[in-house]
Amino acid sequence: MSRIRMATALGLTLMVLAGGYLRLARLEQATMGGDVMEFYKICQSGVRPAELLVHSPKYIGAMPPLWFAAHNWFLQAFQLPVDFGTVRRLDAITGILTILAAFGAGRAAGGRWIGLLTAFLVTLQPLHVQMSRESYFYVPIVLGCFIGLWALLRLSARLDQGKSPDAGFYLLVLPAFLLLTHIQISSWSFAAVWIVALYALL
């Protein structure tokens with residue numbers, strides 16, 4: 001491994017560790033309020049994820065059920081007790097994954113140093129740290145935006161080289177589409193622009 005790759009891997013690892021600390025430390029403190037409590041109530045109910053997905057109006061009204069179901073799956077699959085920390089842990093992990101997605105998108109846009117800069121900004125961005133510490137819709141949408149941008153830039157680069165979309169593109173575009181269209185209606189405008197951009201390239 002070259003020195004540049006080692007430095008990149010080390011830098012990204014340090015950012016993930018720092019970002020993980022900021023997002024996971026003292027997560028068990030009782031700071032939930034307002035709409036965020038809806039996630040806590042659904043987690044407390046113990047409803048099976050499949051039941052939430054199929055009969056969501058019964059439990060959450062008109063809200064998209066995917067992120068609620070994901071929380072319940074996370075808690076039930078790992079047999080975690082329902083408390084303020086565990087209910088928000090999936091959101092914190094999603095926030096940490098966003099750091100990696102930001103690096104991928106930045107590297108696709110301008111090389112590894114731009115990737116590291118983008119990841120660094122996301123690691124310490126106060127609003128993103130805060131949203132990663134709350135059970136709500138925003139943090140998976142941000143992750144979907146970065147993955148979607150990464151997929152778009154990857155596709156553009158391959159087409160510029162005269163190559164067709166590869167497996168990596170599809171591994172990015174599928175979760176991006178899911179996160180941008182099935183978490184909350186507020187992300188649909190961005191999803192529409194993203195889909196049009198993909199169509200224009202293809």
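## Basis of the description

Helices (H or I, at least four residues) and strands (E, at least two) are DSSP runs, numbered from the N terminus. By this scheme, Ile114 belongs to helix H7.

The model is predicted: local features need pLDDT of at least 70, side-chain atom pairs count only at pLDDT 80 or more, and totals for chains, interfaces and linings use all residues. Residues are numbered from 1 along each chain as its sequence is written, and side-chain values use heavy atoms, with hydrogens and water left out.

## Nonpolar core

A nonpolar core is a set of buried Ala, Val, Leu, Ile, Met, Phe, Trp, Tyr and Cys residues joined through side-chain atoms within 4.5 Å. Buried means under 20% relative accessible area, exposed over 50%, and partly exposed in between (1.4 Å probe, protein chains only). The largest nonpolar core has 41 residues, of which Trp67, Phe68, Phe137, Ile147, Trp194 and Leu198 touch the most other members. Two or more residues of this core come from each of H1, helix H2 (36-45), helix H5 (66-77), helix H6 (84-110), H7, helix H9 (138-160), helix H10 (167-181) and helix H11 (188-201). The greatest contribution to this core is that of H9, with 7 residues.

Contact means heavy atoms within 4.5 Å. With neighbours within four places in sequence left aside, Phe137 is in contact with Phe39, Met63, Pro64, Trp67, Phe68, Ile183 and Gln184.

## Selected residues in and between helices

Thr94 lies in helix H6 and counts as buried because its relative accessibility is 6%. Its side chain reaches the backbone oxygen of Leu90 at 2.7 Å. Apart from neighbours within four places in sequence, Thr94 is in contact with Trp67, Val139, Pro140 and Leu143. Gly148, in helix H9, is buried, with a relative accessible area of 0%. Not counting residues up to four places away in sequence, Gly148 touches Ala176 and Trp194. The C-alpha atoms of Gly148 and Gly106 are separated by 12 Å, and the two residues are 42 residues apart along the chain.

Gln79 is placed in the loop between H5 and H6 and counts as exposed, at 71% relative accessibility. Its C-alpha atom is separated by 48 Å from that of Asp160, 81 residues apart along the chain.

## Salt bridges

A salt bridge is a side-chain nitrogen of Lys or Arg within 4 Å of a carboxyl oxygen of Asp or Glu. The whole structure contains 3 salt bridges. Glu38 and Lys41 form one of them (3.8 Å, N to O); both residues lie in helix H2, 3 residues apart, about one turn of the helix. Glu38 is partly exposed at 31%, and Lys41 is partly exposed at 48%.

Arg154 and Asp166 meet at 2.7 Å, N to O. This pair links distant parts of the chain, with Arg154 in helix H9 and Asp166 in the loop between H9 and H10, 12 residues apart. Arg154 is partly exposed at 29%, whereas Asp166 is buried at 17%. Arg158 also forms a salt bridge with Asp166 (3.6 Å, N to O), and Arg154, Arg158 and Asp166 are linked in a network.

Conventions
Polar contact = N/O pair within 3.5 Å; in protein donor to acceptor, adjacent residues only side chain to side chain.
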